[in-house]
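Morning, everyone. I have one model to go through today, and I will keep it short. Please have a look at it before I start.

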Amino acid sequence: MSIALNSCDDKDITFAPYNAVSESIVLRNIGDFENAVTGAYAYMIKAGGAGGYGSEFVIDSEIMTDNLILNQEGRQSNANGFRLLSVPNSTHFDYFNSANRAAVAASRVINNLDVVPQDAVRDNIEGQARFIRALNMFDLVRIYSKIPTQSADANASLGMYYLDTVDPFAKNSRPTVADTYGKILADLLIAKDKIGATNTLAQGKATKASVYALLSRVYLYLGDYPNVITYGNLAIAGNTVCPRANMVGLWDDANSSGVLFKLRIDQVDGVTPGVVFSQTVTGGIRSEYVVPKSFADLFSTTDIRKAAYMKTSAYNGKMQNHVIKYDGRLTGNPAIVDIKVIRLEEVYLNMAEAQYRINGGGLAFLNAVRSQRYLPFVSGGETGVALLNAILLERRLELAFEMDRFFTLKRLGLSMVRNAVEGDLADGTGQKVETNALTIPAGNFLWQLPIPQSERDLNSNLQQNPGY
C-alpha cells in the first residue's frame with residue numbers, strides 16, 4: 001500500500017500509484033498523522049475533480065426535493081437530478097468518490113497509529129479520524145441505501161461496505177444497512193472518548209460536541225429516540241442557539257453562532273459552495289435553481305431566516321427567489337464560505353422529534369429554535385399531531401438548502417411532491433416542473449441513488465441498487 005503527500009499548506013493529500021512511497025515511510029511521527037488528518041478533512045471539501053461538501057453535496061441533496069425549482073435560464077447544471085433522471089452512467093449525486101477518499105484517508109491514519117506512542121495527542125488524532133470516517137460512511141449509506149426508519153425491510157437491505165481496511169484490490173460486496181450503521185456507531189462511540197477537548201471550529205477540526213451531535217443524528221435515522229436525547233443533551237451543553245441578531249452574519253462568516261462542525265474554506269482554496277445555486281453577475285443574481293413561491297411563503301415576514309437564506313430580485317427582467325445562503329462572505333470572494341455541516345439547531349430539532357415519538361413532548365426543544373427566529377415570538381403551545389407538524393415544518397425552514405430535506409423525507413418514508421401548477425418566478429408563474437419530475441412516491445427506488453457504473457467497473461461484486 002502506498003501514498004504520496006503533496007501539500008502546500010498541509011490541507012491536501014494526494015494518493016499516488018502503488019509504486020510510490022510506502023505508508024511506513026510517510027507516516028512516521030505525530031506530525032505526519034496530523035497532516036494526514038488535515039488531508040482527510042480536505043477531501044470532504046473537494047477531492048480532485050469530484051465534488052465533496054464543497055460543491056455537489058450541498059446542491060444534490062436539495063434538487064430532488066420540493067425546496068427548489070429549476071431555473072430554465074440557468075446553466076442547467078445538475079438538471080438530470082432535478083428531473084429525477086439519474087442513471088448509473090450519469091448520476092448527478094457526485095459524492096461517492098469524495099466520501100471514499102476521505103474515509104480511506106481516515107482509515108490509513110487509524111490503521112497505522114501504533115507506530116507512535118499512545119498519549120492525548122495520538123488519541124485526538126484517532127478521534128478525529130474516526131469521526132471523519134463515520135461521517136463519510138454515514139453520508140454514503142444514506143445516499144445509496146435505505147434509511148432504517150424508511151421501511152420495514154430497510155435494515156436487511158443493501159448497505160455500504162465499510163472502508164475500515166485499505167485494499168485497492170478488494171472486491172467487497174455490500175453488507176446490510178444494519179451492519180453499516182453498526183460500524184458507524186462503533187467509530188463514533190470510540191471517537192467521543194478519544195477526541196480532544198481543545199479542538200476548535202477556527203481550526204476546522206471536529207470537537208466532542210461534533211461527535212455527540214453526529215451521534216444524535218445517526219440515532220434519529222436508526223429510530224433510537226432515547227439515545228437521540230442522550231447525545232443531543234451532551235451536544236448542546238455549553239452551546240447556544242444562534243441568536244436572531246447573528247443569523248444573517250452566520251452565513252456571511254461574520255460569526256459561527258450555533259455551528260458545531262464546519263469545513264473551513266480559505267480564499268486560497270477557491271471552493272465556492274454557493275455557485276451551484278446561483279452566481280452574482282453584472283446583471284444581478286443568475287440562479288441555477290430558485291425557491292418556489294409555495295416554499296418561500298412558508299417563511300413569515302417576521303422570520304429572520306428569509307433575509308438570511310433568500311433574496312427576491314430580477315434577472316433578465318424576471319423576478320425570482322434566489323438562494324443566497326452560500327454567497328456573502330464579507331472579505332475576499334463572497335462566494336467562498338465555510339460549509340456548516342452540523343449546527344446546534346439541528347440537534348434541538350432532532351431532540352424535539354425524538355421527544356415527541358417517546359411521549360408526545362418536544363415543545364421546549366422546538367421553542368429553543370423558534371424563539372430566536374421570530375420577532376415577536378409567541379409559542380404556539382402545540383400538542384399532538386399539530387406539534388409533530390410544527391417540528392417538521394421548523395426543520396424544513398431552519399435547514400433549508402442545507403443537505404437535509406431529501407433525507408428527512410426519505411427517513412420518514414414520505415413522498416416528495418412538487419406543485420404541478422407553480423412556475424419558477426417569485427409570483428408563482430413562469431416555467432413549470434415537467435410532469436415526469438413532479439413526485440417521488442414513498443417506497444420508490446429513486447430514494448436510493450444509483451451506484452456509479454465507474455465504481456462497479458472496478459468492483460464486480462458491488463451490487464447495483466434495485467430499479468437501475
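A cut-off to begin with: a residue counts as buried when its relative accessible area is under 20%. Met403 has a value of 6%, so Met403 is buried. Keep in mind that this is a predicted model.

Let me stay with Met403. It sits in the loop between α15 and α16, the latter being residues 405-411. Its phi is positive, about 65 degrees, although Met403 is not a glycine. As background, most residues other than glycine have a negative phi, and most peptide bonds are trans.

Where else does the backbone do something of this kind? Asp253, in the loop between α10 (247-251) and β4, has a positive phi near 65 degrees and is not a glycine either. The peptide bond from Leu375 to Pro376 is cis, with omega near -5 degrees. Pro376 belongs to the loop between α14 and α15 (384-398).

Next, the cavities. How many cavities of 30 Å³ or more does the structure hold? There are 3.

Now the core. The largest nonpolar core has 141 residues, and Tyr53, Phe131, Phe261 and Phe401 have the most contacts inside it. Helix α6, residues 120-144, gives the most to this core, with 12 residues.

Last, helix α9, residues 225-236. At 1.5 Å a residue, its 12 residues should span 16 Å, and the end C-alpha atoms are 16 Å apart, so the two agree. Which residues of α9 are buried? They are Tyr225, Val228, Ile229, Tyr231, Gly232, Ala235 and Ile236. On spacing, an α-helix has 3.6 residues a turn, so residues three or four places apart point the same way. The buried residues of α9 pack against several elements, including α7 (177-194), α8 (208-222) and α13 (344-359). Just after the helix, Gly238 takes a positive phi of about 80 degrees.

That is what I have. Questions are welcome.

Terms used
Residues are numbered from 1 along each chain as its sequence is written. This is a predicted model: local features need pLDDT of at least 70, side-chain atom pairs count only at pLDDT 80 or more; totals for chains, interfaces and linings use all residues. Side-chain values use heavy atoms; hydrogens and water are left out. A nonpolar core is a set of buried Ala, Val, Leu, Ile, Met, Phe, Trp, Tyr and Cys residues joined through side-chain atoms within 4.5 Å. Buried means under 20% relative accessible area, exposed over 50%, partly exposed in between (1.4 Å probe, protein chains only). Helices (H or I, at least four residues) and strands (E, at least two) are DSSP runs, numbered from the N terminus. The expected span of a helix is 1.5 Å times one less than its number of residues. Contact means heavy atoms within 4.5 Å. On a 1 Å grid over the protein atoms alone, a cavity is a set of points where a 1.4 Å probe fits but cannot get out, and a pocket is an open set with protein on both sides within 12 Å along at least five of seven lines; lining residues have an atom within 4 Å of a point. Grid points are joined across faces, edges and corners, and a volume is the space filled by probe spheres set on the points.
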